[in-house]
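Reader: I would like to learn how features of a protein model are read from its atoms, with the general idea given before each case. Could we work through one example together, step by step?

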Amino acid sequence: MHPCVRLPLVASPVAFATGIALGSFVTLLLTHKRLRRPPYPASLLRLRKAELTGSARGAYFNAEDAPEWLRGLFFDPALQRVLLREWEDAAWRRRAGWLGTDLIHNPEGNGVQVVAYFWDAAALTLTGVVKFGPAAESHRGLCHGGAMTSLMDDLCGHICFFSSGTPWCGATVQVNCKLMKPVRVGDVHKLVGRIDRQETKEKGGKPLTKVFISAELVGERGEVFASLEGLSIVPVVMSTIDDAVSKRSWISSDGVLRDSGWLL
Ligand SMILES: CCCCCCCCCCCCCCCC(=O)SCCNC(=O)CCNC(=O)[C@H](O)C(C)(C)COP(=O)(O)OP(=O)(O)OC[C@H]1O[C@@H](n2cnc3c(N)ncnc32)[C@H](O)[C@@H]1OP(=O)(O)O
């Protein structure tokens with residue numbers, strides 16, 4: 001037989017093997033992030049903040065995933081890393097009655113994402129690492145103003161919860177957001193918010209506190225992309241479900257602020 005006629009017969013097993021190898025490689029690439037994840041919840045209950053640095057053992061976003069200029073947050077002893085189970089453990093989230101994915105804290109999300117929050121209890125300051133993905137786009141290559149506003153709403157709500165010993169203690173009632181510079185799809189910025197002041201008065205025989213919050217979204221060179229003047233009121237019962245999830249409290253240890261949902 002002429003060699004040209006024999007070639008396809010020899011090439012086909014080679015092509016088959018190459019196809020299998022390529023297929024496996026692509027599958028491995030697609031599942032890589034999932035495989036890297038530690039088993040829940042035990043590992044995240046055990047880990048100290050200093051250990052939440054490498055993707056192999058930490059939460060879904062860790063120091064090694066952060067840009068260089070934000071890496072220090074993961075090692076600053078004044079800051080507690082915040083780990084809420086509903087952000088980290090999708091299966092538990094479903095079991096516990098959530099209906100969907102968090103607008104801001106979805107590990108699989110590709111819109112606006114706070115990938116790590118750090119709480120400074122002494123300064124009543126909350127700092128977040130924020131990623132802006134393609135699902136936050138409006139103008140070509142630029143993010144929707146609603147992405148920044150949603151982000152500020154999230155900070156306003158959480159700063160109020162972190163400063164309180166009890167869950168679901170309040171509600172955000174105003175999110176006044178100033179959009180100052182366009183945010184690009186793919187940007188990673190720092191969100192810094194604080195409680196400026198609190199005013200308590202009696203309402204219907206019970207104390208009611210207004211919590212005044214301000215925040216800024218800043219870039220690597222200190223440029224301010226957006227700012228917030230927010231107001232939350234405490235206490236307000238937002239959840240109508242009376243169960244163990246609604247009665248969660250904070251566990252503060254080893255540089256991590258966790259909710260007691262990790263024990264449920
Ligand atoms: C421990 C482990 C836990 C782990 C677990 C953590 C879970 C951590 C989840 C966090 C999640 C956060 C995520 C993002 C934050 C949200 O998304 S929070 C949800 C968005 N917010 C809302 O849906 C709030 C909607 N608003 C409401 O339901 C009602 O307005 C409220 C909040 C119940 C208040 O109504 P109300 O009780 O009738 O209050 P009202 O008497 O009208 O007002 C009380 C005072 O506040 C003032 N006020 C009320 N609204 C306003 C306003 N919009 N502007 C200015 N002032 C106002 C009033 O003027 C009044 O003050 P005074 O006039 O007496 O001085």
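Predicted model: local features only at pLDDT ≥ 70, side-chain atom pairs only at ≥ 80, totals over all residues.

Reader: Are C156 and C160 buried or exposed?

Author: The general idea is a set of cut-offs on relative accessible area: buried means under 20%, exposed over 50%, and partly exposed in between, with a 1.4 Å probe and protein chains only. C156, at 0% relative accessibility, counts as buried, and C160, at 4%, counts as buried too. For the protein of 264 residues, the buried ones make up 42%.

Reader: How many helices and strands are there in the protein?

Author: Helices (H or I, at least four residues) and strands (E, at least two) are DSSP runs, numbered from the N terminus. Here there are five helices and nine strands, and read along the sequence they follow the pattern α-α-β-α-α-β-β-α-β-β-β-β-β-β.

Reader: Which way do strand 2 and strand 3 run, parallel or antiparallel?

Author: In general, two strands pair if DSSP finds at least two bridges between them. Strand 2 (residues 112–120) and strand 3 run antiparallel and are joined by eight bridges, with V112 standing opposite F132 in strand 3. The two strands form a hairpin with four residues between them. On its other pairing, strand 3 (residues 125–132) runs antiparallel to strand 5, with seven bridges joining them; V129 has K190 as its bridge partner in strand 5, and T127 stands opposite V192 of that strand. Strand 3 is largely enclosed by the rest of the structure, because seven of its eight residues are buried.

Reader: Where is G133 found?

Author: G133 is found in the loop between strand 3 and helix 5, and with a relative accessible area of 11% it is buried. Although G133 and V112 are 21 residues apart along the chain, their C-alpha atoms are separated by 5.9 Å.

Reader: Which backbone angles deserve a careful look, and what phi does L124 have?

Author: L124, in the loop between strand 2 and strand 3, has a positive phi of about 50° although it is not a glycine, and at 27% relative accessibility it counts as partly exposed. D254 lies in the loop between strand 8 and strand 9 (256–259); it has a positive phi of about 55°, although it is not a glycine, and at 46% relative accessibility it counts as partly exposed. In the hairpin of strand 5 and strand 6, which has two residues between the strands, G204 takes a positive phi near 60°. Those strands run antiparallel with 13 bridges between them, and E202 has P207 as its bridge partner in strand 6. As for the peptide bond, the one from V234 to P235 is cis, with omega near -5°, and P235 lies in the loop between strand 7 and strand 8 (250–253).

Reader: Which residues come nearest to the ligand?

Author: A residue is near a molecule if one of its heavy atoms lies within 4 Å of it. Of the 22 residues around the ligand, V173, Q174, K201, K203 and K210 come nearest. By class, this shell has eleven nonpolar, five polar and six charged residues, where Ala, Val, Leu, Ile, Met, Phe, Trp, Tyr, Cys and Pro count as nonpolar, Asp, Glu, Lys and Arg as charged, and the others, Gly among them, as polar. Helix 5 gives the largest share of the shell, five residues.

Reader: What distance separates the side chain of K203 from an oxygen atom of the ligand?

Author: A polar contact is a pair of N or O atoms within 3.5 Å. An N or O atom in the side chain of K203 is 2.8 Å from an oxygen atom of the ligand, and a polar side-chain atom of K210 also lies 2.8 Å from a ligand oxygen. For D153, the distance from a side-chain N or O atom to an oxygen atom of the ligand is 3.4 Å.

Conventions: Residues numbered from 1 in each chain as written. Heavy atoms only, no water. Polar contact = N/O pair within 3.5 Å; in protein donor to acceptor, adjacent residues only side chain to side chain.
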